[in-house]
Amino acid sequence: QVQLVESGGGLVQAGGSLRLSCAASGRTAGPYATGWFRQAPGKERELVAALSWSGDSTYYADSVKGRFTISRDSAKNTVYLQMNSLKPEDTAVYYCAADYSPPRKTTGWVTPNEIDYWGQGTQVTVSS
């Protein structure tokens, strides 16, 4: 089992930045990929970014490319999502996820139904 705990959400003005953190505990030896999904009210949960265990494979949704960066601090078992140039449409609950399937740069990652482990979510609100 892997437990994931997110932090770092909040309220920010458009154009601002936030950094989300996802701390893993339990079976952290890997190798599992970690990523971030988000879900806005009335919408389906969508993949934002994902990072392979080795760090050599990443995926970003088109809507966040060039603005968001996913990274990992292996010593801290923590994955980060740096979000810059935030827009009101980025408002959502952001969920950290872990799965043993690696992400692919062009094809993405597994679907939400296939994810092995989820965090509890953290709210990000971007005001205009």
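Q: Is Y95 buried or exposed in this structure?
A: This is a predicted model, in which local features need pLDDT of at least 70 and side-chain atom pairs count only at pLDDT 80 or more, while totals for chains, interfaces and linings use all residues. Residues are numbered from 1 along each chain as its sequence is written, and side-chain values use heavy atoms, with hydrogens and water left out. A residue is called buried under 20% relative accessible area, exposed over 50%, and partly exposed in between (1.4 Å probe, protein chains only). Y95 has a relative accessible area of 14%, so the residue is buried.

Q: Which residues does the disulfide join?
A: A disulfide is a covalent bond between the sulfur atoms of two cysteines; here the term is applied to a pair of cysteine sulfur atoms within 2.5 Å. The structure holds one disulfide. Its S to S distance is 2.0 Å, and the residues joined are C22 and C96.

Q: How many residues apart are C22 and C96?
A: Helices (H or I, at least four residues) and strands (E, at least two) are DSSP runs, numbered from the N terminus. C22 lies in strand β3 (residues 18-26) and C96 in strand β9 (residues 92-99). The pair therefore links distant parts of the chain, and the separation is 74 residues.

Q: Why is the disulfide of C22 and C96 described as left-handed?
A: Both C22 and C96 are buried. The description rests on the torsion about their S-S bond. The disulfide is left-handed because this torsion is about -80 degrees.

Q: How many salt bridges are counted?
A: A salt bridge is a side-chain nitrogen of Lys or Arg within 4 Å of a carboxyl oxygen of Asp or Glu. One of them joins K65 to D62, with the closest N and O atoms 3.1 Å apart. K65 is partly exposed, at 48% relative accessibility, whereas D62 is exposed, at 64%. The count of salt bridges comes to four.

Q: Which residues do salt bridges with shared partners join into one network?
A: E46 and R38 meet in a salt bridge of 2.7 Å, N to O, with E46 partly exposed at 36% relative accessibility and R38 buried at 6%. R67 and D90 form a salt bridge at 2.8 Å, linking the loop between β6 (58-60) and β7 (68-73) to the loop between β8 (78-83) and β9. Both R67 and D90 are buried. Through shared partners, the network is made up of R38, E46, R67 and D90.

Q: What is the angle between the planes of F37 and W109?
A: Rings of Phe, Tyr and Trp (its six-membered ring) pair if their centres lie within 6.5 Å; planes under 30 degrees apart count as stacked, over 60 as edge-to-face and the rest as tilted. By this rule there are six aromatic pairs. F37 and W109 form a stacked pair, with 6.0 Å from centre to centre and an angle between the planes of 25 degrees.

Q: Why is the pair of Y95 and W118 called edge-to-face?
A: The ring centres of Y95 and W118 lie 6.2 Å apart. Y95 belongs to strand β9 and W118 to strand β10. The pair is edge-to-face because the planes stand at 85 degrees.
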